[in-house]
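Biologist: Could you take a close look at one part of this model for me, starting at the surface and following the chain from there? Keep it plain, please.

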Amino acid sequence: MIHKTLFAYKPSEHEKERASNSYLMSLVALVAGLPLPIMNLLASVFFYLGNRKSTAFVKWHCTQALLAQLGLFFFNTVGFWWTISVVFDGGEVTNHYIAYMITIVGFNLLEFIFTLYLATQTRKGNHIEMYFFSDITNLICKTNHENTI
């Protein structure tokens with residue numbers, strides 16, 4: 001699901017820290033607004049907007065973090081509104097609902113683990129790419145890293 005590649009240059013300590021923070025923003029937002037799926041996405045959007053004119057390394061990782069949050073946002077939003085309908089509108093707790101909730105809890109747990117790993121590795125200056133999201137990030141940032149380690 002993730003793989004390590006070479007980046008075009010060796011990032012400075014400041015770049016490593018800012019790139020690492022792009023992943024940690026979603027975790028900070030998770031603590032602040034746990035039940036609202038939009039909070040993680042907004043934190044990533046604001047961090048991206050603040051760093052979109054930054055160096056290639058920082059911009060690339062901000063973009064990848066934002067895309068990963070955007071992908072998860074849609075699953076979390078469905079689960080959030082489905083839960084609201086069950087709690088407040090007298091909706092039924094079906095097997096489909098339980099299966100969906102177990103699935104998105106698994107997705108969120110996996111994303112949490114990957115976020116910690118990506119933040120740690122990026123802080124060390126390693127360029128880690130997530131499958132699917134890295135391909136889109138490369139298109140957006142107009143970079144292609146073919147040197148897989």
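Modeller: Let's start at Leu36, which is partly exposed because its relative accessible area is 39%; buried means under 20%, exposed over 50%, and partly exposed in between, with a 1.4 Å probe and protein chains only. Before going on: this is a predicted model, so local features need pLDDT of at least 70 and side-chain atom pairs count only at pLDDT 80 or more, while totals for chains, interfaces and linings use all residues. Residues are numbered from 1 along each chain as its sequence is written, and side-chain values use heavy atoms, leaving out hydrogens and water.

Leu36 sits in the loop between H1 and helix H2 (37–51); helices here are DSSP runs of H or I with at least four residues, strands are E runs with at least two, and both are numbered from the N terminus. Together with Ile38, Leu42, Phe46 and Leu49, Leu36 makes a nonpolar surface patch of about 430 Å². Such a patch takes residues with over 30% relative accessible area and no salt bridge, joining nonpolar side chains (Val, Leu, Ile, Met, Phe, Trp, Tyr) within 5 Å, or like charges within 9 Å. The areas come from the Shrake-Rupley method with a 1.4 Å probe, and for residues only the protein chains shown count as cover.

Now step back into H1 (residues 13–32), where you'll find Lys16. Lys16 counts as buried, at 7% relative accessibility. Beyond its sequence neighbours up to four places away, Lys16 touches Lys10, Pro11, Phe57, Thr122, Arg123, Lys124 and Gly125; contact means heavy atoms within 4.5 Å.

Then there's the charge pairing. Side chains of opposite charge can pair when their charged atoms come close. A search of the whole structure turns up 2 salt bridges, each defined as a side-chain nitrogen of Lys or Arg within 4 Å of a carboxyl oxygen of Asp or Glu. Lys16 pairs with Glu13, their closest N and O atoms being 3.0 Å apart. These two are 3 residues apart in helix H1, so about one helical turn separates them. Glu13 is partly exposed, at 47% relative accessibility.

Glu13 also forms a salt bridge with Arg123, with closest N and O atoms 3.1 Å apart. Since Glu13 lies in helix H1 and Arg123 in helix H4, that pair ties together parts 110 residues apart in sequence. Arg123 is partly exposed, with a relative accessible area of 34%. Through shared partners, the salt bridges join Glu13, Lys16 and Arg123 into one network.
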